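Subject: Structure handover

Hi,

Here is the structure we talked about. Please look it over before reading my notes below.

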Amino acid sequence: MIEARGSFDEVVRLFTEESEKLQQRFQRGVEILTGPLEVEVGQTPHDTVYTEDKLKIYHYRPVTEKRHPVPVLVTYALVNKQYMMDLQPDRSMVKKLLEQGIDLYMIDWGYPSRMDKFINMSDYINGYMDRCVDFVRQRTGSDKVTLLGVCQGGTFSIIYTALHQEKVQNLVCVVTPFDFDTEDGLLNIWARDMDIDKMVEVLGNVSGDFMNIGYLMLNPFRLMFAKYIDFMEHVDNPDFVSNFVRMEKWIFDSPDQAGEAIREFVKYFYQQNLLVKGQFKLDGQLVDPKKITVPVLNIYAQYDHLVPPAASEPLLKAVGSKDKEEICLPSGHIGIFVSSKSQRLLCPSMGKWLSERSGPLANNNDKNKNNKNKNKSKSKSKNKNKN
Amino acid sequence: MREVRNEAEGKQSDVMNMWSDAQHAWTDAFKQMTTMTQQILGGAGEPGEFGGPFDAWMKSYRQALDGLVKFPVGGSLGNTMEMFLSAANTFLNMHRSWLQTLKDTHGGGFGSDKMMTTEALKGWSEAVKTMFATMTNISLPEPVRAMLGPAGEFQQTMLRNFTKNIQGSMGGYQQFFIPWVEAFEGLTKGATGVMGGSGGPQALQQFQDTWTSAYHDTIGKFFNAPLVGPSRLTMEKAMRAVDAYLKFYGANIDFAFRVYEPGVQAFEQISKKAGELFKQDVTPDTFRDLYNLALQIYEETFHQMFKSESFVRGLHLVLDATLEFRRCNDEFVEVMLRETPVVTQSEMDEVYVELHQLKRTVRQLEVELRKKQG
């Protein structure tokens, strides 16, 4: 990389060359940015099939024959938007899952306003999430759903599964924090002694911008400076610019956090680490990960600076499932969804794992029919009793 | 008619003369007081001794300015800051002498040379007396004269009150500023340690603790003092907001120091590495190499700092101060909005919490209803 060049003149010559190149790139960049640019996100066709308050459930239109009878419900984190999984058409995890015949549903939590500051974890998990699961079960006729939880959504999915296992076929956690007592993550260190009570009391909801400042501070030189220098270096490449703008759109599309929910999340998990200790209670019910016996797939990223491997890895040891597996990918927290390597490795592995645990479609259809008949006979017998 | 006009012109002339005399008297009194102060601060009784510390201050200030001008070439910010701090220190030393003088006055004497100080005080007192006498020595209408009482009584009362007020305010002045003057040495030491990189986290700690302590002993007490009267609540909220702002400001300064030190360290490392490369007659293949090197060093240095206990403490301090300021500010704003037809956040929160509870109840009832319906 570094060669002997000799004189100061050489440095000046190099500097001049670089400046000229930069100028040309910048000129081309302006043309690209002001011209027609493809920056849409979440483009895979879908329908809104359920709404409640600010929450929506999207059902993605199948692109191939349905191969897995158990529907998959994606529970994304509250802190960012779910379209990260469908950010750009050529690297869409949603698209890849659909191509494998998965019946895919996804929760969009919406944007909490001041009105929602009293929503707590119980409202999210035992309330909204439970009603979403019931809706998908009812709509598909399937007794159970596969929960695919991402990041904080994964933590919610773990809690949900521990409390409502009868409705869950499989649990898939992607970059999910489970053991919060680690020195590997700056967020874990910073949140430990934070006065979250005061924060919620004063701010009501914790703003997305505030959260973003925290995330940027994890690596300020890379995220606030180097990233834009890189952008300038590739500003003459329309594809790069499109994807960069999409990513920027996602990064800074951060919903505010409902006050009570984030208070509980930080206090009980980041500060007291109750989940991994099996001491967390939701609505008075103990959330014991050991009670989880459904198949569990835990996916995490080796270079994740938001949820370090040390926070995700302990999940498999803690659950009571016999059928459990983990996949560690050489990427970061976001790269796991958009890097070409992840796309190549992760989606087929996930699809294969799910297909092996969702049962053949025909059997499930029979089962659904049986269930329907059972329900019919139940209601008939009740009607009889009434009569 | 003419007599009346002459009388009016005479009174006008009296007032003008009085104003002119009063200004002269005030100038003379100030001159006399300044001379006396110079004598006391100089110690030897010679006028102009006060100029010694003043010259020292100006000298170090000028040096600091010179350092600042040379900064881009010489990279001597650390030294410049030290010189600035030294200048500020000299200035405060002068201030300290002045305060000591006041302290002694308040305690009944002017240091060791009592004869000199007594004379000076006497002179000062006479000067003030003359000033007041001149200011009030006008041909006032008879009813006003009668109201003011026998000749000279009013002036005497005024002088007595003035002296008392001066003494009282001097005491308050001492109490208010002495903690800052005493704290300044610690602040200088802490700041110099941080700037020069020699003090480490202890220097930061010292700086912040000293600042906080001095603040709490002086301005903080004032802003947190209980108030009385019909606007007590509003005024208290306003003063708490100012107090919270000053604490927020202090916490930010502390935080900036914490980030500054590793920044300087990283910059020094980069300069050193770049210097080594150039000495070896090696130049970067492109400027990207140097940029990558700088980025790597910054990232590593700051990552270590972000993990450190000192940084986390500073982060929490600044966050806490920010939230406190926001809380006080919001409370004050709500008080101000109370008289307007604008609904406040607290009022809306009362509605929201009711709504939230109602929603929960409705959902529970729905579940129960479904169960009962089978």
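Between chain A and chain B, 17 residue pairs are in polar contact, both residues of each pair at pLDDT 80 or more. A polar contact is a pair of N or O atoms within 3.5 Å; within protein, one must be able to donate a hydrogen and the other to accept it, and residues adjacent in sequence count only if both atoms are side-chain atoms. pLDDT is the predictor's confidence in each residue, from 0 to 100.

On chain A, the side that touches chain B draws two or more residues from each of several elements, among them strand 1 (3-4), helix 1 (8-34) and helix 8 (220-233) of chain A. Helices (H or I, at least four residues) and strands (E, at least two) are DSSP runs, numbered from the N terminus. Helix 8 of chain A gives the most to that side, with eight residues. By class, this side of chain A has 24 nonpolar, five polar and 18 charged residues. Ala, Val, Leu, Ile, Met, Phe, Trp, Tyr, Cys and Pro count as nonpolar, Asp, Glu, Lys and Arg as charged, and the others, Gly among them, as polar.

The ground rules are brief. This is a predicted model: local features need pLDDT of at least 70, side-chain atom pairs count only at pLDDT 80 or more, and totals for chains, interfaces and linings use all residues. Residues are numbered from 1 along each chain as its sequence is written, chains are lettered from A and ligands numbered from 1 in the order in which they are written, and side-chain values use heavy atoms, with hydrogens and water left out.

The rule also finds 10 salt bridges across the interface of chain A and chain B (a side-chain nitrogen of Lys or Arg within 4 Å of a carboxyl oxygen of Asp or Glu). Arg222(A) pairs this way with Glu299(B), with the closest N and O atoms 2.9 Å apart.

The contact (heavy atoms within 4.5 Å) takes 47 residues from chain A and 41 residues from chain B. The two chains bury about 4,200 Å² between them, 59% of it on carbon and sulfur atoms. That is accessible area (1.4 Å probe) lost on being put together, summed over both. Phe118(A), Lys198(A) and Phe221(A) supply 15% of the area that chain A buries against chain B, more than any other three residues.

Now confidence. Chain A has a mean pLDDT of 88, and 90% of its residues reach 70 or more. For chain B the mean is 69, and 43% reach 70 or more.

Best wishes
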